[in-house]
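Thanks for coming. Please keep the model open while I talk.

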Amino acid sequence: MAPKVKVFFVFLAVTAVFSVFSFFDVFRGVRSANIYESPEPLPLDISEDADQDGLSNQDESYWNTDFENPDSDGDGFLDGEEVASGFDPREPSSHELGDRLEDTVFGSVKTVKAGDFMDVNLTDDASNLLMAGLAAGDLTKTSDDTTYETGINAVAFSTIDNFYKSLPVIDSGTLKITNDSKENQTKYLESLAQIIQDNLLNLSEKLDYEQNPFDQNKFFLTKGERFRLSMEGAFLLDIPKNWVDTHKKILDLLNWFALDYTAIGHYNEDSVKAIVAFNDIDKLNSMTKDILKEVQSNLQSNDLQPKNLVFKVMQSLY
Amino acid sequence: MKLLNTSGFWVGFIAGLFYFSYIFWWLWSLYPLDSLGIEKKSVAIIILSVIFTLCVFITSTFWGLFGFFAEKFSKNNLGLTWTPLLLASAFVIAEYLRSIFFSIFWYGGGGAIGPHWPLGNIAYLFVDINYISRLSSFFGIYSIDFILFYGGSLIFLFFSNLTKWKTCLIQAISLLGLILLLNLIYSHQDVNLDTPISVAVVQTNIGSLDLLDTEKSISIFQKKLELISSASKTAELIILPEGAGLLSNLSRFLKNDGIKKYFDKLSDKEIFILDNMRTSVDDQPYSVSTLISSKSGLVGLYNKEILVPLGEFMPYIAQLPISLLSSDYMGWFSTYRVLAKGSGQNIIQLKNVTLKVLICSELISPGKSLSGNPNLIITLGSYSVWNSDRLAKKQILSAARFRAIENRKYLVLASNSDQSYIINDRGIIEKSGTPNTFELLTGSVVPNHNRTWYNYVGDWPILLLSSVFFGLALRKIRNGTKS
């Protein structure tokens, strides 16, 4: 087998390891990504990774990190990612991923900025980095183990990091903010209920079990488009001022869902981005639950009892 | 060919055609097969016609075989003492083989070969006659077949051979004596009853599991939550029907700790919830039943093992006519898979009570309720697919009552549409839900720790006895032919 091919395979494996939990988990079932009906197992096992940061609950205990926070020190790197690359997950790291690449095998790293998500091709970028590594000799058999491993890890980190860096930041300055009268809140909540019901929960939409999820482009592209339209609609709503913070989070969430599903739908053009996006859906589903809890908390603190069914369910649950 | 030239075969076969047309008529309630993704009504009619015809013809063939041997036994003059026994044995063997062949015929990826499908067994028609139905707690439904055919043959021989009425009468009295003796034993059998458990069945009214939009799904989920909340005030065990998906729906809204809190706050005391959902394990879709403790989480689970042909897996035989209809459908059907076959015992321990969990069609198979020495049987049904068809409901209810009698255990049948039931250990319906309504069916069930004879030995004694008689008869016929 040609060294280039070997390197590419190793790259794929490492990418998978750091694509949140494991590559295996992706193919073990789409349901584990909560795309369709899925139970979340109760946290019975210390070998589980509750926050899906690459560190098991047991390891989190060893490192004294928060097992429900994937980035305990808040430096932008997952706890598991930091441990694997030799950093302390409790101390915010000053190292940029680019620095790591500079330190190792690659002379220049393509810079990605917020909003580049649709333009950046992570598969091409990763291939280029690997080619550069091969040309420099750091990713060949002759290189010592440390250089080789560091190089591969750095490519994987850079790829995942570029995914998140390229996500656009929503300009919430244009939101239409109104006063927090009960009437305004009730009107807003009706629209919010629709968003939650049609997009964030969507209990009826299911993938075809039999097919590889990445072969079901249409399903994901349609879903992505629906999230995009929903986000555009959510921008036009009149937001009571006491709901602005929650609404911003919802806008972010809708946007990320839209981008992730679109990226998965374009698997044929950028498979690496699609895989990272696929894993990211799990995180977004988790964030959805946090936001639902926040919505319920807001309803209680504002003494609101909207009649929408979805809010009634939430009242029964929290 | 020799078989087809005998009038006995055709008499049995034609009788079977009438009987099994009645038994399988409920298949038409599946029309228009939209839950299978069939859009054209004409295609649905063709598919159902093929299925119905195959079911009726295959099962009738075994009655034809019985007719063939019955004629052979009669012609060879095996004696008035032996003939009724041999006829009864031949019928038992024909019925058992019919049940096995049914599973072979409908085999496919996900299917299971075995005597799982005794649909239409005539014993089921006698569920309301206690003196007869109780016999199944000794040797199962095939022993009822045996007795019915033995008795029927005696009556026939009595009228066709009046000169030997005394022999017939002695045998009839012996048979009645045996029935009375077994009933007497049944009445005096020890039952080791445990403390009653208060149960609540969350009966739903769902048309189809797969065709619900989000609004409808949320509405159903809300109703379930209300019923569960209400049930948790009194019930120790809350039972949800097949496909209820409580856990999976909860996980849409709540993180793990939230789910734990939800169960925890249901009640101050520990209660148990038996849920069922369709979920994926190792890339395979299963129908999984989970028992959850409100205080300590998951207690046990069972993946459905016996799947329904067409409904849950695509049998090989069904792919042939479909491929002739349209290549488009063939492409779809070749990858069709609703569920994967589960494994492991369908037993879940609830403290000191052993629950036998039967998911939907598993109720039909008598053998499926035997293993593990259960104290209580729970069936999680998904009977919406039959659209409340009267015949299908009658057969399922009859099977449920027989499973209770065979094992002498309380049986709770939770259904996602139509009606739920609480059936006592004598097969009597103690409580039933209002048909096609969301409601709680509450009651008490009493776990029984003692086992019936049938629970120990299953169908083997009656099959062995029948096989021995049948073998002897064939030998006698062969010897007679030689001489």
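**Two chains, one predicted model**

In chain A, 69% of the contacts between residues at least 6 apart in sequence join residues at least 24 apart. A contact here means that two C-beta atoms, placed from the backbone, lie within 7 Å. This is a predicted model, in which local features need pLDDT of at least 70, side-chain atom pairs count only at pLDDT 80 or more, and totals for chains, interfaces and linings use all residues. Residues are numbered from 1 along each chain as its sequence is written, and chains are lettered from A and ligands numbered from 1 in the order in which they are written.

On confidence, the predictor gives the complex an ipTM of 0.76 and a pTM of 0.79. For chain B the mean pLDDT is 88, and 92% of its residues reach 70 or more; pLDDT is the predictor's confidence in each residue, from 0 to 100. Where pLDDT is low, the predicted coordinates should not be read in detail.

Chain A, then. It has twelve helices and two strands, where helices (H or I, at least four residues) and strands (E, at least two) are DSSP runs numbered from the N terminus. Along the sequence the pattern is α-α-α-α-α-α-α-β-α-α-β-α-α-α. Of the 318 residues in chain A, 42% are buried. Buried means 20 or more other C-beta atoms within 10 Å of the residue's own, exposed means 12 or fewer, and partly exposed is in between, with C-beta atoms placed from the backbone.

Take one residue as an example. A:K223 sits in helix α9 (residues 217–235) of chain A. Is A:K223 buried or exposed? It counts as buried, because it has 22 C-beta neighbours inside 10 Å. Its C-alpha atom is separated by 24 Å from that of A:Y188, 35 residues apart along the chain.

Now chain B. Its secondary structure comes to 15 helices and twelve strands. The radius of gyration is 24 Å, close to the 23 Å that the globule rule gives for 483 residues, so chain B is as compact as a globular protein of that length. That radius is taken over C-alpha atoms, and the rule is 2.2 Å times the number of residues to the power 0.38. The C-alpha trace of chain B spans about 80 × 60 × 35 Å along its principal axes. Buried residues account for 49% of chain B.

Chain B has an open sheet of six strands in the order β5-β4-β3-β2-β1-β12, with mixed pairing. Two strands pair if DSSP finds at least two bridges between them. At the edges are β5 (297–303) and β12 (439–445) of chain B, each pairing on one side only. Strand β1 (residues 197–203) of chain B is antiparallel to β12(B) over seven bridges, with B:Q203 opposite B:E439. Helix α8 (residues 214–231) of chain B lies across β1, β2 (237–239) and β12 of chain B, at about 170 degrees to β1(B). Axes here are lines fitted to C-alpha atoms, for helices over the stretch in contact, and angles run from 0 to 180 degrees between N-to-C directions.

Six strands of chain B also form an open sheet in the order β6-β7-β8-β9-β10-β11, again with mixed pairing. Its edges are β6 (347–350) and β11 (429–432) of chain B; each has a single partner strand, so one side of each is left without a neighbour in the sheet.

Which residues of strand β8 are buried? Six of the six residues in β8 (residues 376–381) of chain B are, so this strand is largely enclosed by the rest of the structure. B:L376, B:I378 and B:L380 point one way from β8(B), and B:I377, B:T379 and B:G381 point the other way. In a regular strand the side chains alternate between the two faces of the sheet. Strand β7 (residues 353–359) of chain B runs parallel to β8(B), joined by five bridges, and B:V357 has B:I378 as its bridge partner. Strand β9 (residues 411–415) of chain B is also parallel to β8(B) with five bridges, and there B:G381 stands opposite B:S415.

The axes of α8 (residues 182–201) of chain A and α8(B) come within 10 Å and cross at roughly 100 degrees. The two helices are therefore roughly perpendicular to each other, a label for angles of 65 to 115 degrees, with under 35 roughly parallel, over 145 roughly antiparallel and the rest oblique. The contact is made by A:Q197, A:D198 and A:L201 of α8(A) with B:T214, B:E215 and B:I218 of α8(B).
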